[in-house]
Amino acid sequence: MNSTTLRLRMESLTVLSNLRSTEVYKAYEDTMSALYTTPVEFCQKYAQLCRFHFENRDLGKLLAQEIHFDINVLTNQLHQPLSAEIRKAIDFDLYTINTLISLSGADFLEFAGKAYPKFNSTLQELPTFPAGSPLPFGNCEGLCQLYRKQGFGYFARANAYQIVDNQFQPIEHPDPIRLTDLKGYTLEKKTIRDNTLALLAGKTSNNILLYGDKGCGKSSTVKAIANEYADRGLKIIEMPMSEIQAFPMICESIVHSPFKFILFLDDLTFNSEDERFVALKAFIEGGVAGKPNNLVIYATSNRRHIIREKFSEREGDDIHRRDAMESASSLSDRFGIQITFSKPVKNEYLSIVEQLAEDYGLTLDLDKLHLLAERFATRRGGRSPRTARQFIMHQLALENGDAEDKKEQD
């Protein structure tokens, strides 16, 4: 394909026309356009394309990602029969992009040599780069299969997000914890798992409040659930309470997404006069727009009623006391499922220690393991799964240390 034909095709993208606003496509487009300006401008644009290639290595893979993250006519009509015209347009776009990707630096310099024959010898001295990888989907049907299997749009970029300044920000390295890493609390984990599976199946699911003692794995369980089912299209969005006003934006952004979402509110605690308390109540249940069906809210708190109560708020007549208590429980009541995470008793704590010791290959006599674990918990203010894990990490560090450290512990 000659440069003129390719340039015309590049200007004619329809279904995938959003690519023209991406940095990678623009680098190609600017270089092709510069073939019709001056040698100096071509060299400038070509140099930028070379640098972009050197920084990103394979521009074919980069373009494939941009197509994956796109929202277009095809994604909007994915679950209905496509017209022959749309299929033809998609095949046209994909063939054009694949042709573009197949160009190496030497191919661009050959185009430039024909456009500016007087400078051909100089142009051939410029740096080059290899062609990019072809798209893993060469036609409409292949792209449909990608979108159906892996989803599409902005949320195809990552499995975990956080809200920063009223915007979604992908988390590049989320906590990799899995359910198998969390010991004990079998019934509690099953309840959360069952509710999440209902969400993924498109069935009725509840918001969940996980409350109870610190260090018992409330937050870890939510993150582990998200990791467990990420391959089934489950995403997690962590929203700090300082970003509570982003709730409507979140709902609007995900309502048409093919993915399912956990909105994670960690460590909720309010004062009764906190404006965010009132706002969150309205957003969770009772707002005009309503919560999308592909979203559940999982929140953690050390308090069942989330709100800090003062003794003075319970003073007065019966009506005053009842109003104060109803206000305190009004937010927690909006969670259809409430799960208590209590500190483990001695046997449960030691069982968690034993399981973690086995996972990490810690070799200690069982009686000694129990003795040291109990001593460690006493020093740390009580038994909990977090204390158990900290104890195991401490013992592993001692095993890797010198004999003097071990002797001092004994």
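This tour moves through a predicted model, stop by stop, with something to select at each one.

**Stop 1: helix H9**

Select residues 140–150, which form helix H9. Its buried residues are Cys140, Gly142, Leu143, Cys144, Leu146 and Tyr147.

Look at both ends of H9. At the start, show the side chain of Asn139. One of its oxygens reaches to within 3.3 Å of the backbone nitrogen of Glu141. Just after the helix, click on Gly151, where phi is positive, at about 80°.

**Stop 2: the sheet**

Next, bring up the open sheet of seven strands. Read across it in the order S2-S1-S4-S5-S7-S3-S9; the pairing is mixed. The edges are S2 (167–170) and S9 (337–341), and each of these strands pairs on one side only. On average, neighbouring strands are turned by 25° against each other, direction ignored.

Zoom in on S1 (residues 160–164) and S4 (residues 234–238). They pair in the parallel sense, over three bridges. Select Gln162 and look across to S4: its bridge partner there is Glu238.

Now show helix H10, residues 186–200, which packs on this sheet. H10 touches S3 (208–212), S4, S5 (260–265), S7 (295–301) and S9. Compare directions: that of H10 makes about 150° with that of S9.

**Stop 3: Arg178**

Select Arg178, in the loop between S2 and H10. Is this residue buried, exposed or partly exposed? Its relative accessible area is 35%, so Arg178 counts as partly exposed.

Which residues does Arg178 touch, leaving aside those up to four places away in sequence? Show Ala224, Asn227 and Glu228. With Glu228 there is a polar contact, side chain to side chain, at 3.3 Å. Then pick Ile225. Arg178 and Ile225 are 47 residues apart in sequence, yet their C-alpha atoms are 7.2 Å apart in space.

**Stop 4: helices H15 and H16**

Finish with residues 346–360 and 366–379, helices H15 and H16. Their axes come within 10 Å and cross at roughly 115°. The crossing is right-handed.

Show the side chains in the contact. From H15, take Lys346, Tyr349, Leu350, Val353, Glu354 and Ala357. From H16, take Leu366, Leu369, His370, Ala373, Glu374 and Ala377. Colour them by class: eight are nonpolar, one is polar and three are charged.

How values were computed. Residues are numbered from 1 along each chain as its sequence is written. This is a predicted model: local features need pLDDT of at least 70, side-chain atom pairs count only at pLDDT 80 or more; totals for chains, interfaces and linings use all residues. Side-chain values use heavy atoms; hydrogens and water are left out. Buried means under 20% relative accessible area, exposed over 50%, partly exposed in between (1.4 Å probe, protein chains only). Helices (H or I, at least four residues) and strands (E, at least two) are DSSP runs, numbered from the N terminus. A polar contact is a pair of N or O atoms within 3.5 Å; within protein, one must be able to donate a hydrogen and the other to accept it, and residues adjacent in sequence count only if both atoms are side-chain atoms. Two strands pair if DSSP finds at least two bridges between them. Axes are lines fitted to C-alpha atoms, for helices over the stretch in contact, and angles run from 0 to 180 degrees between N-to-C directions. Contact means heavy atoms within 4.5 Å. A crossing is left-handed if the near helix is turned anticlockwise from the far one by less than a right angle, and right-handed if clockwise. Ala, Val, Leu, Ile, Met, Phe, Trp, Tyr, Cys and Pro count as nonpolar, Asp, Glu, Lys and Arg as charged, and the others, Gly among them, as polar.
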